[in-house]
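My entries follow in the order in which I made them.

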Amino acid sequence: MSPFTGSAARTSDWEHLRLQLADGVATVTLSRPEKLNALTFGAYADLRDLLAELSRERAVRALVLAGEGRGFCSGGDVDEIIGATLAMDTAQLLDFNRMTGQVVRAIRECPFPVIAVVHGVAAGAGAVLALAADFRVADPTARFAFLFTRVGLSGGDMGAAYLLPRVVGLGHATRLLMLGEPVRAAEAERIGLISELTQEGRAGEAAGELARRLADGPALAHAQTKALLTAELDMPLAASVELDASTQALLMNGEDYAEFHAAFTEKRQPKWRGR
């Protein structure tokens, strides 16, 4: 995401989510606890636009995505989205589905790691938001459910058919997307859907510690690692090795690489600048 922006001012207030910024860490909280943080058209758009703004500003080094109340996110609101889409024509439906995919792309393409904090339900679109994150930190109450076939739609929604096999393998992904059955925390950890399983009620704390560790680290190295992980999913080995070589050559000209050597020589901790 280019840091150059036009004349539009930074958004001062987000209606459908809460944003907190503290020393390089952004915490984004879905805040409809009475509806298990069910997503609306506005919530999708806010997430898409917020991630774009934060990516341009380059002040964020890690982002925590959480849900308020009893669960992470129950997916699209049945009345406000599913009910509304029944009245849309094909062009409007395409616009909506492209927007939901843009949210996933924004999570994957933003230049900072995203940590999803999962407790309670992560269903439908909520499960895909967690899936798109770089890390999923969950407690034993977490349960994932990719429910799209349960409402008569393709399980491959919002990039799920692309991302899920790459996280848990084709066999598990086929089962989860076809059947839409819930996956509880223990199984999710076993198949690799959870990055870290904490004690009950500690997922937020653990995610905060991970975010702090990432934010205090070499931000440019993290950004390029994330970019390569995404870009190289579909590349042949020769192209991947060449992209790795080009990226490393650029980073070897950076301040952080020289700072590591200086810190090692002086027997101190590096002072990472993200440059």
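**Helix 9 and its cover**

I first looked up what covers the buried residues of helix 9, and the cover includes helix 3, strand 4 (114–118) and helix 10 (237–251), where contact means heavy atoms within 4.5 Å. Helices (H or I, at least four residues) and strands (E, at least two) are DSSP runs, numbered from the N terminus. I note that this is a predicted model, in which local features need pLDDT of at least 70 and side-chain atom pairs count only at pLDDT 80 or more, while totals for chains, interfaces and linings use all residues. Residues are numbered from 1 along each chain as its sequence is written, and side-chain values use heavy atoms, with hydrogens and water left out.

The buried residues in helix 9 are A219, A223, K226 and L228, buried being under 20% relative accessible area with a 1.4 Å probe and protein chains only. Helix 9 runs over residues 219–231, 13 residues in all, and spans 18 Å from its first C-alpha to its last, close to the 18 Å expected at 1.5 Å a residue; the expected span is 1.5 Å times one less than the number of residues.

**The largest pocket**

I then turned to the largest pocket, whose volume is about 600 Å³. Of its 23 lining residues, I81, I82, F148, V151 and L153 are the closest to its centre. Helix 2 (78–85) and helix 3 (90–109) each give at least two residues to this lining. On a 1 Å grid over the protein atoms alone, a pocket is an open set of points with protein on both sides within 12 Å along at least five of seven lines, a cavity is a set where a 1.4 Å probe fits but cannot get out, and lining residues have an atom within 4 Å of a point. Grid points are joined across faces, edges and corners, and a volume is the space filled by probe spheres set on the points.

By class, I recorded 13 nonpolar, nine polar and one charged residues in the pocket lining. Ala, Val, Leu, Ile, Met, Phe, Trp, Tyr, Cys and Pro count as nonpolar, Asp, Glu, Lys and Arg as charged, and the others, Gly among them, as polar.

**The cavities**

I found two cavities of 30 Å³ or more. The largest cavity holds about 60 Å³ of space, and its lining consists of V28, L47, L50, L51, L63, L65, I107 and V114. Helix 1 (41–57) and strand 3 (62–67) are the elements that give two or more residues to that lining, with the largest share, three residues, coming from helix 1. This lining has eight nonpolar, no polar and no charged residues.

Methods:
Buried < 20%, exposed > 50% of the residue type's maximum accessible area, 1.4 Å probe, protein only.
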